[in-house]
Amino acid sequence: MMAVMINAEELLRTTPIFSRLSPADRKTIAQVARVQFFARGETIFEQEAPSEFYAITSGRVKIFKMMPSGKDLILEVFGPGDPLGAVAAYMDRPFPASASALEDTTCVIIPRPAFFRLLEAHPSLVRGLLLGLTTRLVELTNRLAELTGGRIEPRFARLFLKLATEMGRPDRAGTFIPLPLSRQELADMTGTTIETCIRIMSRWNKDDIVHTGKDGFVVLDRTELEKIAAS
């Protein structure tokens, strides 16, 4: 982790959650906020640590919890513009899960007192946060339901369809997902073992459904993925 000499006010202006604030309000926030860079694999915050409000300005972050078995369970992946720790900061509770950078990531971090002043001064920001957090809560509830039952391969298919929709772009004769996840991370995101993950991804590579590259994945046969997801 390292502080970055970047114009925090400019980052706030280009981050959706803050973009509608007045220049004066953004300047006020920038005076108390700090900008930090996290290298890929670096911990951003740990479960049970005191909470602050984070907003991702670039990069991707995984949120995960340590299960009683000692295995990590990845709950969600967040990207540019997404807030982190908003509920914990609002409720003055420790972070309920840990976060680490899936790729080089930059965050704007706002201390709790300044975060509260911001919410009190801008009710519209509260509404925007609640809408985004409600959507994420529904997604998380659905994911937890998936992880407690059902076949493993459809979970993988739904994960890749979600990633393709959220961040995919046409490239390499398919849909390129610019997120290099390890086999262990894929297993953690689907609640399975690394051995099962390797078997599924190897078969998909052979069948030209999803190819793995050093810089991400290419979905080559979305129709087949949709069939697997529905099975």
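At 55% relative accessibility, Glu 48 counts as exposed (exposed means over 50% relative accessible area, buried under 20% and partly exposed in between, with a 1.4 Å probe and protein chains only). Glu 48 sits in the loop between β3 and β4, and its phi is near 80°, a positive value in a residue other than glycine. The model is predicted, so to speak of a local feature requires pLDDT of at least 70, and side-chain atom pairs count only at pLDDT 80 or more, while totals for chains, interfaces and linings use all residues. Residues are numbered from 1 along each chain as its sequence is written, and side-chain values use heavy atoms, with hydrogens and water left out.

Arg 172, in the loop between β10 and β11, has a positive phi of about 55° although it is not a glycine. At 41% relative accessibility, Arg 172 counts as partly exposed.

Turning to the chain as a whole, the protein has nine helices and 13 strands (DSSP runs numbered from the N terminus, with helices being H or I of at least four residues and strands being E of at least two). Of its 231 residues, 45% count as buried. The chain exposes about 11800 Å², of which carbon and sulfur atoms supply 57%; accessible areas come from the Shrake-Rupley method with a 1.4 Å probe, and for residues only the protein chains shown count as cover. Among contacts between residues at least 6 apart in sequence, 69% join residues at least 24 apart, where contact means heavy atoms within 4.5 Å.

Strands of a sheet pair through backbone hydrogen bonds, either parallel or antiparallel. Lys 62 has Ser 100 in β8 as its bridge partner.

Another open sheet of four strands has the order β10-β11-β13-β12, again with antiparallel pairing. Its edge strands are β10 (169–171) and β12 (210–213), each of which pairs on one side only. Neighbouring strands here are turned by 35° against each other on average, direction ignored. Strand β11 (residues 174–177) and strand β13 (residues 216–219) run antiparallel and are joined by three bridges, with Val 219 in β13 as the bridge partner of Thr 175. Helix α6 (residues 152–167) lies across β10, β11, β12 and β13, running at about 85° to β11.

Strand β9 is worth a look in the viewer. Six of the six residues of β9 (residues 105–110) are buried, so the strand is largely enclosed by the rest of the structure. Both faces are covered, with Thr 105, Cys 107 and Ile 109 buried on one side and Thr 106, Val 108 and Ile 110 buried on the other. Strand β2 (residues 34–38) pairs with β9 in the antiparallel sense over five bridges, and Gln 36 stands opposite Cys 107. Strand β4 (residues 53–58) also runs antiparallel to β9, joined by five bridges; here Tyr 54 has Ile 109 as its bridge partner.

Helix α7 brings several of these elements together. Six of its eight residues are buried, so α7 is largely enclosed by the rest of the structure; the buried residues are Glu 185, Leu 186, Ala 187, Asp 188, Met 189 and Thr 190. Just after α7, Gly 191 takes a positive phi of about 65°.

Two packed helices are described by the angle between their axes and the distance between the axes. Helix α7 (residues 183–190) packs against helix α8 (residues 194–206) at an angle of about 105°, with the axes 8 Å apart. The two are therefore roughly perpendicular to each other (65 to 115 degrees, with under 35 roughly parallel, over 145 roughly antiparallel and the rest oblique). Arg 183, Gln 184, Leu 186 and Ala 187 in α7 meet Ile 194, Cys 197, Ile 198 and Met 201 in α8. By class, this contact has six nonpolar, one polar and one charged residues; Ala, Val, Leu, Ile, Met, Phe, Trp, Tyr, Cys and Pro count as nonpolar, Asp, Glu, Lys and Arg as charged, and the others, Gly among them, as polar.

Technical notes:
Axes fitted to C-alpha atoms, helices over the stretch in contact; angles between N-to-C directions. Pairing = 2+ DSSP bridges.
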